[in-house]
Amino acid sequence: MSKPLEFDICVIGAGAAGLSIAAGASQLGARTALIEAGEMGGDCLNVGCVPSKALLAAAKAAHSGAEAAKFGITYTKPEVDFAGVMAHVKDVIAGIAPVDSQERFEGLGVTVIREWARFVDKDRVVAGEQEITAKRFVIATGSKPMVPPIEGLADVPFLTNETLFDLQEQPEHLIVMGGGPIGCELSQAFARLGTQVSIVEMASLLPKDDPEAADVVRQSLRKDGVFLHEGAKVTRVSSPVESAFKNGGVTVEVERQDGATEQLQGSHLLVAAGRTPSIQGLDLEKAGVEFHRAGVKVDAGLRTSNRKIYAVGDVAGGPQFTHVASYHASLFIRSFLFRLPARTDYSALPWVTYSDPELAHVGLTEKMADDQGLTVQVLRWPFAENDRAQSERQTAGLLKAIVTPKGRILGCTIVGAHAGEAIYPWVLALHKKLSVKDMVGMIAPYPTFGEVTKRATGSHYTPKLFSERTKWLVRLLLKLG
């Protein structure tokens with residue numbers, strides 16, 4: 001083995017968190033190593049956020065003709081070139097890839113090592129034949145699709161987000177196991193491209209979101225032809241003896257909450273049942289790093305049980321979003337390079353499901369507030385009463401804000417067109433601990449979808465504004481001239 005390489009920071013994993021740390025640290029003058037055996041850019045670029053949103057964009061284009069009738073315009077049914085759609089997805093990835101490439105990071109001064117990494121003790125890592133020491137190590141290996149222990153699943157071909165985007169032939173009937181954000185987004189995309197789609201979800205659709213908002217997405221999926229099997233679990237998967245599908249297909253046995261069973265026949269099965277941390281092969285025990293099923297154990301400053309080793313992003317066992325990975329990266333830079341206090345705070349953490357309509361959320365939901373025993377006021381405004389939504393015939397959805405009786409903002413859920421963009425002011429409001437008064441005082445451009453924020457916050461004052469006491473005051477002032 002060659003002489004050990006010495007660095008200030010050694011990052012294991014070139015996903016969103018690892019890349020952000022490597023780029024920032026190197027540009028700030030730290031000797032930085034980045035170890036990655038797989039593809040640069042990690043899941044988000046190659047098999048996650050980027051390709052899924054590219055696929056959704058293609059599905060939206062295919063669906064636009066069906067929506068045009070609302071405007072008095074008629075299109076013929078689109079012809080979907082599925083291989084062309086997938087080429088579009090790959091082209092989008094290729095367009096972004098240079099930003100995450102090995103060449104770019106080497107140009108920033110990062111030493112990039114394309115090997116698998118494993119710890120050999122508390123302050124040394126081996127990658128291939130190279131030994132590496134560093135003042136601090138950062139585990140940023142992300143997560144991978146969780147494959148549940150279902151009878152027969154290992155014996156049949158199935159898809160995950162890691163293999164889905166390699167398809168060249170369009171599935172005839174796609175069965176999706178899991179009704180979370182990934183399951184909903186991909187189900188709607190394939191349905192709009194012409195695939196028959198069925199979702200099987202043990203709980204209810206989008207179980208972590210506000211039920212009222214989730215129901216708007218549910219109705220949209222049904223409108224697009226997605227068959228929903230909620231409150232049902234997959235008990236067995238097998239290859240059918242006889243199949244109407246040219247690839248042989250798959251049989252999925254489902255048990256409902258009332259004990260009734262059903263067999264679903266599909267051409268393809270997509271497993272979207274959650275994710276699990278990627279820690280295999282790291283030999284964390286040798287480094288004295290504690291971990292559990294959800295990921296590497298970290299404190300509020302993202303340090304592991306070995307004080308010289310941090311864990312960031314999905315592998316740290318917290319919220320699994322690319323923007324959280326980037327947030328973790330900024331905390332590490334703040335903590336190690338600038339020696340400033342840095343602790344995770346998810347009170348203003350937003351998330352978005354990129355269905356149509358989109359569902360965006362930040363802070364507390366109504367149920368969360370109720371579970372905490374808080375007395376709250378629910379402010380709401382329907383998209384149907386938004387002029388821009390009416391003009392574009394995108395009236396499905398609502399804004400639902402959770403505030404204290406005195407107007408302190410606790411959370412907001414928006415389901416509707418461009419909800420992922422409309423959530424921005426609410427994220428800022430929670431981050432800066434603003435009140436409804438701060439929000440209602442802003443001037444909102446007309447006509448915009450974002451006006452739902454102005455109208456909802458204004459409704460907090462409506463009862464007082466038009467009360468008998470206020471009317472009495474106005475009458476008195478009028479008498480004074």
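I began with the cut-off for a disulfide, which is a pair of cysteine sulfur atoms within 2.5 Å. I searched the whole structure on that basis and found zero disulfides.

This is a predicted model, in which local features need pLDDT of at least 70, side-chain atom pairs count only at pLDDT 80 or more, and totals for chains, interfaces and linings use all residues. Residues are numbered from 1 along each chain as its sequence is written, and side-chain values use heavy atoms, with hydrogens and water left out.

**Cysteines.** I looked up Cys184, which is in no disulfide, the nearest cysteine sulfur being that of Cys49, 16 Å away. Cys184 is buried, with a relative accessible area of 0% (buried means under 20%, exposed over 50%, partly exposed in between, with a 1.4 Å probe and protein chains only). Cys412 is likewise in no disulfide, and the nearest cysteine sulfur, that of Cys184, lies 20 Å away; Cys412 also counts as buried, at 0% relative accessibility.

**Second largest pocket.** I then turned to pockets, a pocket being an open set of points on a 1 Å grid over the protein atoms alone, where a 1.4 Å probe fits, with protein on both sides within 12 Å along at least five of seven lines, and lining residues having an atom within 4 Å of a point. The second largest pocket is lined by 20 residues, and Glu67, Lys70, Asp356, Arg393 and Gln394 lie nearest its centre. Helix H3 (49–67) and helix H8 (211–223) are the elements that give two or more residues to this lining (helices are DSSP runs of H or I, at least four residues, numbered from the N terminus), and H3 gives the most, with four.
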